[in-house]
Amino acid sequence: MEQVTIKNDFISLSVLDYGAIIQKLLVKDKEGKELNLVVGLEHPESYLDDLKCLGACVGRYAGRISNGGFQIDGNTYNLYTKNGVHLHGGKQGFAQKYWKFETVDNSEHPWVKLRYKSSHMEEGYPGNLNASVTYKLIDNSLHIIHEAVTDKPTVINLTNHSYFCLDNTNSIDHYELQLECPEILETQDNLLPTGKLISVTDTDYDFLTRKEIAGKRLDTPYVVSDNAQKVAELYSPVSGLRMTVESNQPAVIVYTPPEFAAICFETQNYPDAPNIKSFPSAILNPGETYYNQAIFTFDLVT
């Protein structure tokens with residue numbers, strides 16, 4: 001397993017070829033102490049047994065797909081399901097694949113690019129897909145860019161699955177969260193969407209104005225405001241660190257795992273978009289380029 005570290009004056013980032021995983025993201029807090037802001041495992045080989053997709057690139061389709069598959073142009077493609085749900089690309093999605101380091105650039109704005117070639121019908125998905133993820137440091141921001149091309153019509157939805165923790169406490173209740181998301185997707189008990197959008201107004205899901213997370217726990221697909229570039233803002237009064245999330249995607253899955261104190265912002269398309277026609281299309285055709293960019297900016301609030 002190969003590891004690459006890039007750094008600038010603000011951020012140090014360590015990436016693994018397995019799963020294109022972000023293993024460490026080091027930023028200084030208000031006392032000048034370096035903190036790892038992502039939940040990670042110290043020994044790279046430990047990720048082989050990880051079931052939480054810690055820091056990984058998730059695909060071919062991040063999130064959930066219903067009906068045991070999907071159709072494109074009248075052709076049915078069957079996917080692995082568990083309890084009626086296909087999740088994060090199947091038994092061995094992109095998070096469990098070895099990617100290839102293609103470029104490592106240690107210039108003023110350092111970046112690393114990894115590539116993975118997914119063969120036709122891998123995990124049931126059509127088309128030979130050439131996917132890449134680029135991690136780039138620009139001052140106090142981490143840019144994550146997912147790109148892909150295919151030789152047959154297919155569906156795609158990539159995201160980074162880092163679990164963020166802005167201080168060394170064992171709780172996220174004191175974190176202050178703001179989401180530029182006026183609606184959520186209504187979901188069933190198995191978290192598959194029904195197709196209906198629900199306003200967050202007068203609900204526990206309303207983070208339009210920044211407030212403490214308190215006891216609220218989420219595994220929730222939020223709909224990003226039209227034309228909104230900023231998706232989320234997270235602040236820890238303990239470390240003084242604020243993280244701002246920007247994205248070109250229509251949704252963000254906000255997930256707070258029950259096992260440890262952290263929070264995910266999975267910037268992506270809607271879950272089950274291949275089966276719900278009213279959702280944004282998830283189809284990628286030959287000659288097109290899938291492009292998903294997220295920017296995570298870290299600064300100190302005094």
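I began with the second largest pocket, whose volume is about 170 Å³. For a pocket I kept to this meaning: on a 1 Å grid over the protein atoms alone, it is an open set of points where a 1.4 Å probe fits, with protein on both sides within 12 Å along at least five of seven lines, and lining residues have an atom within 4 Å of a point. Grid points are joined across faces, edges and corners, and the volume is the space filled by probe spheres set on the points. I noted that the model is a predicted one, in which local features need pLDDT of at least 70 and side-chain atom pairs count only at pLDDT 80 or more, while totals for chains, interfaces and linings use all residues. Residues are numbered from 1 along each chain as its sequence is written, and side-chain values use heavy atoms, with hydrogens and water left out.

I then looked up the lining of this second largest pocket, and found Asp9, Phe10, Ile11, Val27, Lys28, Asn140, Leu241, Phe298, Asp299 and Leu300. Two or more of its lining residues come from each of strand 3 (22-28) and strand 27 (290-300), and strand 27 gives the most, with 3 residues. Strands here are DSSP runs of E with at least two residues, and helices are runs of H or I with at least four, numbered from the N terminus. By class the lining divides into 6 nonpolar, 1 polar and 3 charged residues, where Ala, Val, Leu, Ile, Met, Phe, Trp, Tyr, Cys and Pro count as nonpolar, Asp, Glu, Lys and Arg as charged, and the others, Gly among them, as polar.

Next I turned to the largest pocket, which holds about 910 Å³ of space. Of the 31 residues that line it, Leu51, Cys53, Arg64, Leu87 and His88 are the closest to its centre. At least two lining residues are supplied by each of strand 9 (86-87), strand 21 (219-223), strand 24 (251-255) and strand 25 (263-268). I recorded 14 nonpolar, 10 polar and 7 charged residues in the lining of the largest pocket.

Most residues other than glycine have a negative phi, and most peptide bonds are trans. Glycine 59 and arginine 60, however, are joined by a cis peptide bond with omega of about 0°, and arginine 60 sits in the loop between strand 5 (57-58) and strand 6 (64-65). Asparagine 227, in the loop between strand 21 and strand 22 (230-235), has a positive phi of about 65° and is exposed, at a relative accessible area of 83%. Aspartate 272 also has a positive phi, near 60°, and lies in the loop between strand 25 and strand 26 (283-284), but at 3% relative accessibility aspartate 272 counts as buried.

Last, I looked at glutamate 246, which belongs to strand 23 (residues 241-247). Its C-alpha atom is separated by 8.7 Å from that of threonine 267, 21 residues apart along the chain.

Methods. Buried means under 20% relative accessible area, exposed over 50%, partly exposed in between (1.4 Å probe, protein chains only).
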